[in-house]
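Dear colleague,

I am passing on the structure we spoke about, and below it you will find a careful account of what was found. Please read the notes with the model open beside them.

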Amino acid sequence: MARSKTSKKWLDEHVNDPYVKKAQMDGYRSRASYKLIEINEKDDLYRPGSVVVDLGSAPGGWSQIVAPVVGERGRVIASDILHMDSIIGVDFIQGDFTEESVYDAILQALGGAQADTVISDMAPNLSGVKNTDQYAAMYLVELALDMARNVLKPGGSFCAKVFQGVGYEEYAKDVRSSFDKVIVRKPAASRPRSREVYLVGKGFKG
């Protein structure tokens with residue numbers, strides 16, 4: 001079957017992407033690793049000893065860079081609907097985050113402990129219908145915020161990928177209601193034409 005012009009354009013862009021090539025050279029599982037590296041350098045989301053929940057973790061690009069930083073005194077609990085190869089220091093829960101059983105499994109993995117940080121790079125499977133995809137994406141980040149409100153310790157941090165569009169402004173306002181400071185980040189590794197930004201919440205009000 002012949003590829004569509006859109007998929008061919010994406011494939012060409014992906015193959016020639018400098019961050020894809022850099023990730024291969026640096027041994028990272030995903031170009032998305034550089035997004036979190038940049039955000040953490042600016043916003044200090046996690047540090048040695050931190051307990052971090054990583055939502056939408058596959059293939060492991062974020063967990064891969066968080067785990068060595070938090071070290072043996074810290075923990076990383078990761079979850080995705082897709083399989084993720086194991087990473088030392090990461091507890092992985094596979095399943096659909098929109099299902100209560102997966103949500104509960106993450107809480108069980110925490111074992112009653114509160115998290116220092118919740119990070120989310122979740123995105124829905126795209127249908128190609130703009131409004132449908134936007135609503136699906138907003139639903140996922142709303143669930144991520146709900147998780148953050150349930151598990152973060154006072155003063156904790158939150159970072160989620162959000163797509164600008166319908167519901168974005170309302171969501172940003174909702175995040176601001178739970179954090180002392182909210183910053184919008186567009187990392188260098190985020191493609192310029194993408195509507196994605198990262199909302200970073202600092203100082204969870206509890």
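Predicted model: local features only at pLDDT ≥ 70, side-chain atom pairs only at ≥ 80, totals over all residues.

Asp44 and the end of helix H3

Asp44 is partly exposed, because its relative accessible area of 34% falls between the limits used here (buried is under 20% relative accessible area, exposed over 50%, and partly exposed in between, with a 1.4 Å probe and protein chains only). This residue sits in the loop between H3 and S1, where helices (H or I, at least four residues) and strands (E, at least two) are DSSP runs numbered from the N terminus.

Residues are numbered from 1 along each chain as its sequence is written, and side-chain values use heavy atoms, with hydrogens and water left out.

In helix H3 itself (residues 33-43), the buried residues are Ser33, Tyr34, Lys35, Leu36, Ile39, Asn40 and Asp43. Their cover includes helix H2 (18-26), helix H4 (61-70), strand S4 (115-120), strand S5 (152-163), S6 and S7.

The loop between strand S1 (51-55) and H4 holds Pro59, and the peptide bond that joins Ala58 to Pro59 is cis, with omega at about 5°.

The chain as a whole

The protein chain has seven helices and seven strands, and along the sequence they follow the pattern α-α-α-β-α-β-β-α-β-α-β-α-β-β. For 206 residues a compact globule would have a radius of gyration near 17 Å, and the chain agrees with this because its own value is 17 Å (taken over C-alpha atoms, the globule rule being 2.2 Å times the number of residues to the power 0.38). The C-alpha trace spans about 50 × 40 × 35 Å along its principal axes, and buried residues make up 48% of the 206 residues. Where contact means heavy atoms within 4.5 Å, 63% of the contacts between residues at least 6 apart in sequence join residues at least 24 apart.

The aromatic rings

Searching the whole structure gives five aromatic pairs (rings of Phe, Tyr and Trp, the last by its six-membered ring, with centres within 6.5 Å; planes under 30 degrees apart count as stacked, over 60 as edge-to-face and the rest as tilted). One of these is the tilted pair of Phe179 and Phe204, at 5.4 Å centre to centre and with 50° between the planes. This pair links distant parts of the chain, since Phe179 belongs to strand S6 (residues 179-185) and Phe204 to strand S7 (residues 196-204), 25 residues apart. Phe179 counts as buried at 2% relative accessibility, and Phe204 is buried with a relative accessible area of 7%. Together with Phe158, Phe179 and Phe204 form one aromatic cluster.

Two further residues

Ser79, placed in strand S2 (residues 75-80), counts as buried at 3% relative accessibility. Leaving aside residues up to four places away in sequence, Ser79 touches several others, including Asp54, Leu55, Phe92, Ile93 and Val102. Thr132, in helix H6 (residues 130-151), is partly exposed, with a relative accessible area of 45%.

With kind regards
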